[in-house]
Amino acid sequence: LFDTQHSVDAQIVLKQMQILATSSSNMVCGQVLDIQSEGKSVDQETLENIHRNKTGALIQAAIMMSAVTLFEGVDPAIPQLRKFGQAIGLAFQVQDDILDVTSDAKTLGKNTGSDEANHKETYVTLLGIENSQKEVDLLFNEAQQLVYSLTLNHGLILEIIEKLWKRVR
């Protein structure tokens, strides 16, 4: 697991574990909220809270754990990267709501229609497909702008954003 040729500061590892533990806890809370909301009507704020705390929390954790390593725990870019992680995480989840309705199991690689079958409120049921897609586009655009505001090599990050944005379109 560890490369013995390169030492890793114990404080950085501790910070990474803290980020992962918090994000994992948030993911569980988001999943509980999601299950509790089945069959109920929820508002957009509640739905956003559910989505930010599910897969979105883990996506943000991966970004933040990398940032802590890259910047050795201290850098003014970390708040921007946190916002970037939030935007990407929420965009991914809203897009997942859309794909659950518009795609098929073969293309998507997982069963579709599960949200409707489980009577879950989604961005699509709340806002419709078109407005949900507008929300996804806004979030991915926000993520791109946050990347451009950072002083780092944008190429790979922008390529990842593009792949996520265009998945199964």
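A crossing is called left-handed if the near helix is turned anticlockwise from the far one by less than a right angle, and right-handed if clockwise. In this predicted model, local features need pLDDT of at least 70 and side-chain atom pairs count only at pLDDT 80 or more, while totals for chains, interfaces and linings use all residues. Residues are numbered from 1 along each chain as its sequence is written, and side-chain values use heavy atoms, with hydrogens and water left out.

Helices here are DSSP runs (H or I, at least four residues), numbered from the N terminus. By the crossing rule, α4 passes α9 in a left-handed crossing. Helix α4 covers residues 78-102 and helix α9 residues 155-165; their axes sit 10 Å apart, at an angle of about 20°. Axes are lines fitted to C-alpha atoms, for helices over the stretch in contact, and angles run from 0 to 180 degrees between N-to-C directions. The pair is therefore roughly parallel (angles under 35 degrees count as such, and 65 to 115 as roughly perpendicular). On the α4 side, Phe 84, Ile 88, Phe 92 and Gln 95 make the contact, and they meet Ile 157, Ile 161, Leu 164 and Trp 165 of α9; contact means heavy atoms within 4.5 Å. This contact has seven nonpolar residues, one polar and no charged (Ala, Val, Leu, Ile, Met, Phe, Trp, Tyr, Cys and Pro count as nonpolar, Asp, Glu, Lys and Arg as charged, and the others, Gly among them, as polar).

Helix α4 also meets α2, with axes that come within 9 Å and cross at roughly 110°. That makes α2 and α4 roughly perpendicular to each other. Glu 48, His 51 and Arg 52 of α2 take part, along with Gln 86, Ala 87, Leu 90, Gln 93, Val 94 and Asp 97 of α4. Here the tally is three nonpolar, three polar and three charged residues.

Next come the pockets (on a 1 Å grid over the protein atoms alone, a pocket is an open set of points where a 1.4 Å probe fits, with protein on both sides within 12 Å along at least five of seven lines; lining residues have an atom within 4 Å of a point). The largest pocket holds about 350 Å³ of space, a volume being the space filled by probe spheres set on the points, which are joined across faces, edges and corners. Its lining comes to 14 nonpolar residues, two polar and no charged, and α3 gives the largest share, six residues.

Conventions: Helices (H or I, at least four residues) and strands (E, at least two) are DSSP runs, numbered from the N terminus. Angles under 35 degrees count as roughly parallel, over 145 as roughly antiparallel, 65 to 115 as roughly perpendicular and the rest as oblique.
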